[in-house]
Amino acid sequence: MSEPSVPQPAVEAATACLQPVKAGLFMLRGDGAFARRAYQTVAPFGRTLLKILAALVILTLGRSTLADQYHVPTGSMWPTIAPGDRILVDKVAYGLRVPLVDHYLFERSGPSAGDVVLFADPRGGSTLLVKRVIALPGQTVMLRQGVLYVDGAAQAIEELRDGTRVEHLGAVTHAAGEPDFEAFGPVVVPPDHLFVMGDNRAASLDSRVMGAVPRELLRGHVLRVVYHHDAAGFDLSRALRSVD
């Protein structure tokens with residue numbers, strides 16, 4: 001039995017439809033032109049994203065290793081640093097630390113007695129604290145009737161004509177807050193540790209309670225007050241004050 005013949009017009013129509021396929025006009029665009037157009041469309045967004053990511057990495061590493069700002073919520077360092085001050089910290093003053101850990105790539109000398117430092121709480125936790133270095137390893141510290149003694153020498157307190165009080169801590173003179181008349185010590189600062197106290201000693205939780213601070217917990221040297229902001233708003237009189 002013979003197969004039915006296909007009408008000639010239908011064959012010609014099918015052949016005409018296949019010609020674009022044979023010519024490659026309906027092929028999937030896997031060629032170079034399509035890839036180039038896709039790249040030209042996507043590449044600017046990719047480059048912008050890479051720049052943003054690179055900037056974030058640099059800023060993160062810079063803040064963790066070079067310098068950063070910190071908000072001070074308490075009055076333990078008053079009047080040198082007031083609650084609401086935003087302070088600038090030099091984080092390479094005493095060495096370059098590995099980001100996010102307590103180990104140094106290299107260490108510098110210091111700190112010195114009188115430096116105001118930022119450090120991690122030796123009792124643990126994520127809170128960073130700001131205090132003044134009072135004594136170095138091997139030195140003896142005690143307080144009697146509101147007066148600080150380092151290696152048996154009284155660190156004189158002076159009241160100025162305007163009524164403010166300053167303490168002469170070795171070669172450093174700094175503003176003094178309220179004294180604490182509770183007796184403390186004597187204690188000897190262990191090796192590789194620092195004895196720190198707040199300038200407002202009557203309201204400061206410091207080495208008298210938490211013990212001496214391991215040097216490896218230092219996060220930097222406090223340089224100045226950047227600005228002040230509290231519930232009352234901005235206080236421009238404290239902006240860019242040096243921390244001595």
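Glutamate 158 stands opposite valine 166 in strand 11. This is a predicted model, in which local features need pLDDT of at least 70, side-chain atom pairs count only at pLDDT 80 or more, and totals for chains, interfaces and linings use all residues. Residues are numbered from 1 along each chain as its sequence is written, and side-chain values use heavy atoms, leaving out hydrogens and water.

Q: What makes strand 10 and strand 12 edge strands?
A: The open sheet has three strands in the order 10-11-12, paired antiparallel. Strand 10 (157-159) and strand 12 (172-176) each have a single partner strand, so one side of each lacks a neighbour in the sheet.

Q: What are the 18 strands in the protein chain counted from?
A: Strands are DSSP runs of E with at least two residues, and helices are runs of H or I with at least four, numbered from the N terminus. The protein chain has 18 such strands and three helices.

Q: Which share of the 244 residues is called buried, and by what cut-off?
A: Buried means under 20% relative accessible area (1.4 Å probe, protein chains only). In the protein chain, 34% of the 244 residues are buried.

Terms used: Buried means under 20% relative accessible area, exposed over 50%, partly exposed in between (1.4 Å probe, protein chains only). Two strands pair if DSSP finds at least two bridges between them.
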